[in-house]
Amino acid sequence: MDTASDRPASDRPEDRPDGAATPSDHTEDEHVEYVDSEDETFPEDMPDQDAPEQLSDPTLSELLAGSARGDQPSFATFYEATSDVVYGLALLMHADAEGAQDSTLAVYHQLWDQAEERAQDLRLQSQASELLTDEHAADEVDPENAYRPTEYELVLEWLIPLAHQIMVERFREGMATPITLSAVPPEQGGGVAGLPEEIIEDIDSLSDSQTQALALSYLAGGTHQQVAEAVGAAVPAVKSRLRDGMTRMHAQRTTRESELDPILRAAVTKRDVERSGGVNRNFTEDISSDVEHGLLVELAEIHALDAIDTRERALLDEAALTADEATSRAWDTRVLAARRTLAEIFTAHPVVPPSHLLDEVLHNLSDQEVGMGMVESISSHTEEAPKREPLMKRWMILTGLAVVVLAAVLLIWGFTAGQDIEATADGDPEARVTEDIELSQGGTARAVMSSAEDVGYVDFSDVGELEGEDTYQLWLMPHETGQPSSLGNFTAEELEEEVVTVDGISSHRALQITVEDIRGVERPMGETVAEVQLRERITDGPQYGGSPEDEEQN
């Protein structure tokens, strides 16, 4: 990633005007002359002490603030300083260069049209980022020398998510064509066909399924539901792959950077890295249900990847805003960590856009005369175009619509959701309760399943300890076709502490518990220690992995 020294954003000693003499420049006689003469104590030609500060280059934030005041030269300079990373990202995401150019134009047109709001967003996010970084740096062994982002990096971690979201919206509205990517089946080698060569090295630490989920969401703009359909996986599994894929990319950053980002250290624990293998910690089919079950922080990476639709974004933003302080801080930390990692990876190959793009950007700005040598040397465009009338922006309409939808969702929740899954299942007088389900490794389970409410839960007791690094892995088993969906890996202690809830039991046949020697396997590989039926069995057919002989015996 570039640093602030690569951009016009610093006070430089060489900018001092020629008249700024130092004390050593004067002879002893000259000094006496100044003292003896009242009128000459401060010579008229002595420069103003503030001159170097006045002549210093503006920061990128100041340039954007100038744009908010209608200063076209400031905006053109901001474009020059940042357009290479935006255009480089666009080339990675689009099927053709023309689409990448159009989307780059869309980003900067929005920045100009909404310059006042965007300048405020940048200022507030940069302040929040610096404050959060300082707070986590205080926990470091050497707080004073902990990594802190430069001004240019702060701008990138704000600009890249904004640009990405605009490009993704254009894909989803059919205004641009995303890069053509396709998931390769495991039997054909796995992974993704069509990946840009520039990023292959950065994502080679991911599993094939994580690579598919990240590429199809971040590069091609798919929601997590669309990705699940494309790869033939359950929605909860794709959520976990997106989260855990980001965890692995964070871990890769920590191995190659000598100065560890305190945000990264706080966002990714050793346990996070160990479990990053496609497990979902009780993710459900629906984002609102995940939030209701206390999984807001676990959705931070999915939010940062833009793998959600407008309604889901509004819902998560509202949940983060109203969360308790600890949850809100954890959410902010993980979203920021994801944005920093994504900005580093997907802007590592900046590409200077064609010069005519600046002409087109300026052509659609105000009727202000440019009057700037740098812009004149690049742009031959001299026609003055009147600025468009300030209509209500599309993003305002979408935001308002999202608020209405969110209010409706919350209202529906108030009438239908009621208590959590445990209380809902317990409140059904016809719920099926199964006591003393035995685990072959020791311990029992109690299951409560409500067919009427389509929810259930399983509570474990006295679970037997496993040897070495083995863990219990829980699976939601499909009825017939489809792959099992992992609910995560647990130690015996963790399984006893955590009540496993299931939303949408009609979509699955059973909850299966296996013992696995590798965390995060994507299919049951080890011994099955128990299986809990989620619905009353209509027939005694074979279970997952069963045989016709088993069916005859039953």
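Predicted model: local features only at pLDDT ≥ 70, side-chain atom pairs only at ≥ 80, totals over all residues.
Local features were taken at pLDDT of at least 70 and side-chain atom pairs at pLDDT 80 or more, whereas totals for chains, interfaces and linings use all residues. Residues are numbered from 1 along each chain as its sequence is written, and side-chain values use heavy atoms, without hydrogens and water.

Helices (H or I, at least four residues) and strands (E, at least two) are DSSP runs, numbered from the N terminus. Helix H4 spans residues 72-93 and helix H7 residues 151-172. They pack at an angle of about 45°, with axes 10 Å apart. Axes are lines fitted to C-alpha atoms, for helices over the stretch in contact; angles run from 0 to 180 degrees between N-to-C directions. H4 is therefore oblique to H7 (under 35 degrees is roughly parallel, over 145 roughly antiparallel, 65 to 115 roughly perpendicular, the rest oblique). Contact means heavy atoms within 4.5 Å. On the H4 side, the contact residues include Phe 78, Thr 82, Asp 84 and Val 86. On the H7 side, they include Tyr 152, Leu 159, His 164 and Phe 171. By class, the contact has 17 nonpolar, two polar and one charged residues. Here Ala, Val, Leu, Ile, Met, Phe, Trp, Tyr, Cys and Pro count as nonpolar, Asp, Glu, Lys and Arg as charged, and the others, Gly among them, as polar.

A nonpolar core is a set of buried Ala, Val, Leu, Ile, Met, Phe, Trp, Tyr and Cys residues joined through side-chain atoms within 4.5 Å. Buried means under 20% relative accessible area, exposed over 50%, and partly exposed in between (1.4 Å probe, protein chains only). The largest core holds 86 residues. Phe 78, Tyr 108, Leu 111, Leu 181, Leu 219 and Phe 346 touch the most other members. Beyond four places in sequence, Tyr 108 touches residues including Phe 75, Phe 78, Leu 159 and Val 361. A second, separate core of 26 residues includes Val 502, Ile 505, Val 529 and Ala 530.

Most residues other than glycine have a negative phi. Asp 436 has a positive phi of about 50°. This residue lies in strand S3 (residues 432-438). Asp 436 counts as exposed because its relative accessibility is 58%. Asp 462 also has a positive phi, near 50°. Asp 462 sits in the loop between strand S5 (455-461) and strand S6 (471-477). At 64% relative accessibility, Asp 462 is exposed.

His 479 lies in the loop between S6 and strand S7 (485-490). At 37% relative accessibility, His 479 is partly exposed. The C-alpha atoms of His 479 and Arg 509 are separated by 4.9 Å, although the two are 30 residues apart along the chain.
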